[in-house]
Amino acid sequence: MRFRVVHETRYRYSKPVFLEPHLVRLCPASGPAQRLESFALEVTPRPSGSCALLDACGNTVHNLWFEGLWDELAVRATLTASTLRTNPYDYLLAPGAMTLPVDLTPTERLTLEPSLVPTGCPVAGDLSRELNALVQGDSVAYLHAANDWLHRNVSVTPRPEPGLQSPARTLGTRRGACRDVSLVFMELCRLAGLPARYVSCYQAGDPDQTEHDLHAVAEAYLPGAGWRGFDPTLGLAVADAHLALCASPFAEDTAPLTGTFRGDGATARLTHRIVIDILD
């Protein structure tokens with residue numbers, strides 16, 4: 001599937017402020033599942049300097065820094081990319097990956113350690129044990145059972161306020177945004193001994209939609225398959241309808257735009273617009 005995306009983010013300040021360095025995480029990676037064809041970043045005011053870098057998780061990040069005082073910051077990313085994986089099951093698992101907890105090599109375990117640590121949510125622990133017993137320790141069946149349970153039992157609703165909701169609150173209220181439900185899926189994976197990480201992405205959605213929101217899914221690591229995505233919002237294994245932007249064991253490190261400003265008594269108002277066109 002071929003995507004063309006325009007993603008605009010705008011901060012308006014109540015008075016001129018000094019902009020501290022900002023990090024932009026809006027450039028999709030190229031890999032086995034997707035290929036970036038073009039990417040352009042437009043920033044107003046024009047930064048006094050910028051650099052593209054790979055962060056600790058291998059994501060492409062643009063670091064921007066500024067001079068002077070400004071009453072607005074606007075970031076517009078325009079990209080074209082193709083997703084390549086139409087079959088989410090095109091793998092051959094290593095023998096130790098078929099049952100829970102998955103068998104990781106010593107170096108895999110060291111590398112994946114941040115993706116193995118649960119928050120310790122008791123309700124998620126009970127659910128994990130229930131699902132594990134249901135699938136009799138089958139790793140792939142567990143992933144699908146967790147994905148399906150969340151899709152059927154948690155109401156996914158937009159939550160415009162910033163920040164993340166704890167898995168305990170999401171499970172307690174049975175409500176949350178896509179980012180909150182993905183965090184619960186990660187918790188269920190980690191409790192069962194499956195490495196899991198958070199992924200910000202675009203999702204093709206309804207072709208009649210004119211505007212979209214940034215989406216979130218989770219990925220689990222299976223030896224022999226690598227990182228594989230699951231979307232509990234839709235109850236699907238991730239294939240070519242999702243375009244990944246940024247992945248990390250820590251959801252906070254995937255925010256599309258982060259930074260601060262200096263200005264006594266100044267406040268900021270955020271607006272954004274995402275337009276996704278499917279080109280084929």
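This is a predicted model: local features need pLDDT of at least 70, side-chain atom pairs count only at pLDDT 80 or more; totals for chains, interfaces and linings use all residues.

Biologist: Why is Leu26 called buried rather than exposed?

Modeller: The relative accessibility of Leu26 is 2%, and buried means under 20%, so Leu26 counts as buried. Leaving aside its neighbours within four places in sequence, Leu26 is in contact with His7, Phe39, Ala77, Leu79, Tyr202, Leu245 and Pro256.

Biologist: What places Arg228 among the buried residues, and where is Arg228 found?

Modeller: Arg228 sits in strand 10 (residues 226–231), and because its relative accessibility is 7%, against a limit of under 20%, Arg228 counts as buried.

Biologist: Which residues does Arg228 contact, leaving aside its neighbours within four places in sequence?

Modeller: With those neighbours left aside, the contacts of Arg228 are Arg85, Asn87, Pro88, Tyr89, Asp90, Tyr91, Ala218, Glu219 and Ala220. For Pro88 there is a further detail, since its backbone oxygen lies 3.3 Å from a polar atom of the Arg228 side chain, and a polar contact is a pair of N or O atoms within 3.5 Å.

Biologist: Turning to the helices, why are helix 2 and helix 3 called oblique to each other?

Modeller: The axes of helix 2 (residues 122–135) and helix 3 (residues 139–153) come within 9 Å and cross at roughly 130 degrees. Roughly perpendicular covers 65 to 115 degrees and roughly antiparallel needs over 145, so helix 2 and helix 3 are oblique to each other. Their crossing is right-handed.

Biologist: Which residues meet where helix 2 and helix 3 touch, and how do they divide by class?

Modeller: From helix 2, Leu127, Ser128, Leu131, Asn132 and Val135 meet Ala141, Tyr142, Ala145, Ala146 and Trp149 of helix 3. The residues of this contact divide into eight nonpolar, two polar and no charged.

Biologist: What is the crossing of helix 2 with helix 5 like?

Modeller: The axes of helix 2 and helix 5 (residues 178–191) come within 9 Å and cross at roughly 60 degrees, and this crossing, too, is right-handed. Ala124, Gly125, Leu127, Ser128 and Leu131 in helix 2 meet Glu187, Leu188 and Leu191 in helix 5. By class, that contact has five nonpolar, two polar and one charged residues.

Biologist: What makes the backbone at Gln136 worth a remark, and is Gln136 buried or exposed?

Modeller: Most residues other than glycine have a negative phi. Gln136 has a phi near 55 degrees, a positive value in a residue other than glycine, and its place is in the loop between helix 2 and helix 3. Its relative accessible area is 74%, and exposed means over 50%, so Gln136 is exposed.

Notes
Residues are numbered from 1 along each chain as its sequence is written. Side-chain values use heavy atoms; hydrogens and water are left out. Helices (H or I, at least four residues) and strands (E, at least two) are DSSP runs, numbered from the N terminus. Buried means under 20% relative accessible area, exposed over 50%, partly exposed in between (1.4 Å probe, protein chains only). A polar contact is a pair of N or O atoms within 3.5 Å; within protein, one must be able to donate a hydrogen and the other to accept it, and residues adjacent in sequence count only if both atoms are side-chain atoms. Contact means heavy atoms within 4.5 Å. Axes are lines fitted to C-alpha atoms, for helices over the stretch in contact, and angles run from 0 to 180 degrees between N-to-C directions. Angles under 35 degrees count as roughly parallel, over 145 as roughly antiparallel, 65 to 115 as roughly perpendicular and the rest as oblique. A crossing is left-handed if the near helix is turned anticlockwise from the far one by less than a right angle, and right-handed if clockwise. Ala, Val, Leu, Ile, Met, Phe, Trp, Tyr, Cys and Pro count as nonpolar, Asp, Glu, Lys and Arg as charged, and the others, Gly among them, as polar.
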